[in-house]
Structure formats: C-alpha cells, structure tokens
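I opened the model to look up its helices, a few contacts and the charged pairs. The entries follow in the order in which I made them.

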Amino acid sequence: MKKTVLTFGLISGAIISAMMLATVPFIHRIGFNRGMVIGYTTMVLAFLLVFFGIRSYRENYGDGRISFGRALAVGFLIMLITCACYVLTWEIIYFNFMPDFADKYAAFVIDSERAKGASEAELARQMEEMKKFKEMYNNIFFNVAMTFLEPLPVGLVMTLISALILRKHKKEKQHLQEFPDHVNHVNPV
C-alpha cells in the first residue's frame with residue numbers, strides 16, 4: 001500500500017502545488033474570486049488521483065477486489081499527502097514571497113463588503129475582524145491549520161466517492177468465477 005499511496009499522493013501533490021505556484025504570484029491580476037475558482041478546480045483535478053490510486057491498489061494488490069474500508073484508507077492516505085504538499089507549498093510562498101497576502105486579502109474582503117452596500121458600522125466591524133485574522137494568520141500553526149482546511153473537504157468528498165465506486169467484495173468476484181456462463185447464458189426453452 002505504501003508504494004501506491006506515495007506515488008499517487010506525490011503526483012497529486014505535485015499537481016496542486018504546481019498550480020498554486022503558477023497562479024498565486026499573479027493573484028493581483030487574476031483576482032481573489034477567480035483565484036478561488038481556479039484553486040478549487042485544481043483541487044478537484046488533483047484529487048482525481050485518489051480514484052486512480054485506489055483503482056491501482058485494487059488491481060495490483062487486491063486481485064481485483066477491495067473493501068470499502070481499505071479503499072477509504074488508501075484514498076485517505078493519498079489525500080493527506082496531497083494536502084501536506086498543498087500546505088508546504090503555501091507556507092513557503094507565504095512566509096518567503098508573499099508576507100503581505102493577509103493585507104491584500106483583508107482589503108479584498110473590505111472592498112467586497114463596501115460594494116455590497118455595508119454600513120460604516122459593519123465595515124468597521126469587518127475591519128476589526130480582518131485585523132485579528134491577520135495577526136492570527138502570521139502564527140505558523142494557525143496558518144498551517146487554516147491552509148490544511150482548504151483542500152480537506154474536497155479531498156474527503158473525492159475519497160468517499162472513489163471508495164464507494166471502486167469497492168468490490170470477495171463474494172462478487174467469486175460468484176462471477178463460479179458461474180461465468182450465468183451472465184451470458186441464454187436458456188433455450
């Protein structure tokens with residue numbers, strides 16, 4: 001399982017990290033809204049490797065069978081490696097190349113609220129919240145936790161769906177081996 005998990009997890013992690021490296025430096029041109037669409041689309045594409053990893057494990061190590069629990073475990077481990085790559089890439093970008101990201105994001109949130117017609121009191125409250133967010137976001141532990149939570153829901157959903165689709169029980173395979181003609185047999189009566 002280790003080889004399959006590492007291979008597919010690192011490939012998935014490379015995809016998600018490469019797209020982050022390709023888009024985040026240009027977030028001021030792309031815009032936060034489009035950046036989020038690109039980011040989550042990339043996550044879905046990267047997490048497709050969870051499906052292929054589970055299928056590879058099933059075919060190569062499970063003799064064409066895999067239980068839901070084992071498929072979930074394989075997918076979960078691939079997803080964790082992908083998320084770890086995502087977090088590592090973001091931490092390098094944020095603390096080395098974009099330490100002003102929180103300021104830019106705060107300005108985006110305030111401008112969005114202003115465009116929606118927020119009152120001065122609401123804007124003041126939002127500014128205070130963003131100030132607290134910036135302070136917390138500069139703490140590496142908070143930053144890692146928040147960053148890990150970004151791809152996690154997408155990865156969990158992709159893992160669950162993949163495990164449900166790819167599970168094959170032993171009895172299903174045995175039934176087909178015991179009665180191979182049963183499926184295509186036409187009974188002439």
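**Entry 1: Thr-159 and its surroundings**

I began with Thr-159 and left aside its neighbours within four places in sequence; the contacts I found are Val-50, Ile-54, Leu-72, Gly-75, Phe-76 and Met-79. The model is a predicted one. I placed Thr-159 in helix α8. Is Thr-159 buried or exposed? Thr-159 has 2% relative accessibility, so I put it down as buried, the cut-off being under 20%.

**Entry 2: α3 against α8**

Next I looked up how α3 and α8 are arranged. Their axes come within 9 Å and cross at roughly 30 degrees. I noted the crossing of α3 past α8 as right-handed. On the α3 side, the residues making the contact are Tyr-40, Met-43, Val-44, Phe-47, Leu-48, Val-50, Phe-51, Ile-54, Arg-55 and Arg-58. On the α8 side I listed Val-154, Gly-155, Met-158, Thr-159, Ser-162, Ala-163, Ile-165 and Leu-166.

**Entry 3: α3 on its own**

I checked the length of α3, which covers residues 32-61. At 1.5 Å a residue its 30 residues should span 44 Å, and I find the end C-alpha atoms 43 Å apart, which agrees.

Which residues of α3 are buried? I wrote down Phe-32, Thr-42, Met-43, Ala-46, Phe-47, Leu-49, Val-50, Gly-53, Ile-54, Ser-56, Tyr-57 and Arg-58. The buried residues pack against α1 (2-23), α2 (27-30), α4 (68-96), α5 (101-115) and α8 (152-166).

An α-helix has 3.6 residues a turn, so residues three or four places apart point the same way.

I then followed the chain out of α3. Asp-63 sits in the loop between α3 and α4. Its phi is positive, about 55 degrees, although Asp-63 is not a glycine. I recorded Asp-63 as partly exposed, with a relative accessible area of 48%.

**Entry 4: Phe-108**

Not counting residues up to four places away in sequence, what does Phe-108 touch? I found Phe-32 and Asn-33. Phe-108 and Phe-32 are 76 residues apart along the chain, and their C-alpha atoms are separated by 7.5 Å. Phe-32 is among the buried residues of α3, whereas Phe-108 is partly exposed, with a relative accessible area of 21%.

**Entry 5: salt bridges**

How many salt bridges does the structure hold? I noted seven, and looked into some of them.

- Glu-59 forms one with Arg-58, with the closest N and O atoms 2.6 Å apart. Arg-58 is buried, at a relative accessible area of 8%, while Glu-59 is partly exposed at 41% relative accessibility.
- Glu-113 and Lys-116 form another, at 3.8 Å from N to O. That falls within the 4 Å cut-off, so I count it. Glu-113 is partly exposed at 23% relative accessibility, and Lys-116 is exposed at 66%.
- Arg-125 and Glu-129 meet in a further salt bridge, 2.6 Å from N to O. Why can these side chains be on one face of the helix? Arg-125 and Glu-129 are four residues apart in helix α6 (residues 120-137), which means that about one helical turn separates them. I have Arg-125 as partly exposed at 47% relative accessibility and Glu-129 as partly exposed at 39%.

**Entry 6: the chain as a whole**

Last, I took the totals. The protein chain has ten helices and zero strands. Buried residues make up 35% of its 189 residues. Of the contacts between residues at least 6 apart in sequence, 81% join residues at least 24 apart; the contact of Phe-108 with Phe-32 is one between residues 76 apart. The chain exposes about 11,600 Å², and carbon and sulfur atoms supply 65% of that area.

Definitions and conventions:
Residues are numbered from 1 along each chain as its sequence is written. This is a predicted model: local features need pLDDT of at least 70, side-chain atom pairs count only at pLDDT 80 or more; totals for chains, interfaces and linings use all residues. Side-chain values use heavy atoms; hydrogens and water are left out. A salt bridge is a side-chain nitrogen of Lys or Arg within 4 Å of a carboxyl oxygen of Asp or Glu. Buried means under 20% relative accessible area, exposed over 50%, partly exposed in between (1.4 Å probe, protein chains only). Helices (H or I, at least four residues) and strands (E, at least two) are DSSP runs, numbered from the N terminus. The expected span of a helix is 1.5 Å times one less than its number of residues. Contact means heavy atoms within 4.5 Å. Accessible areas come from the Shrake-Rupley method with a 1.4 Å probe; for residues, only the protein chains shown count as cover. Axes are lines fitted to C-alpha atoms, for helices over the stretch in contact, and angles run from 0 to 180 degrees between N-to-C directions. A crossing is left-handed if the near helix is turned anticlockwise from the far one by less than a right angle, and right-handed if clockwise.
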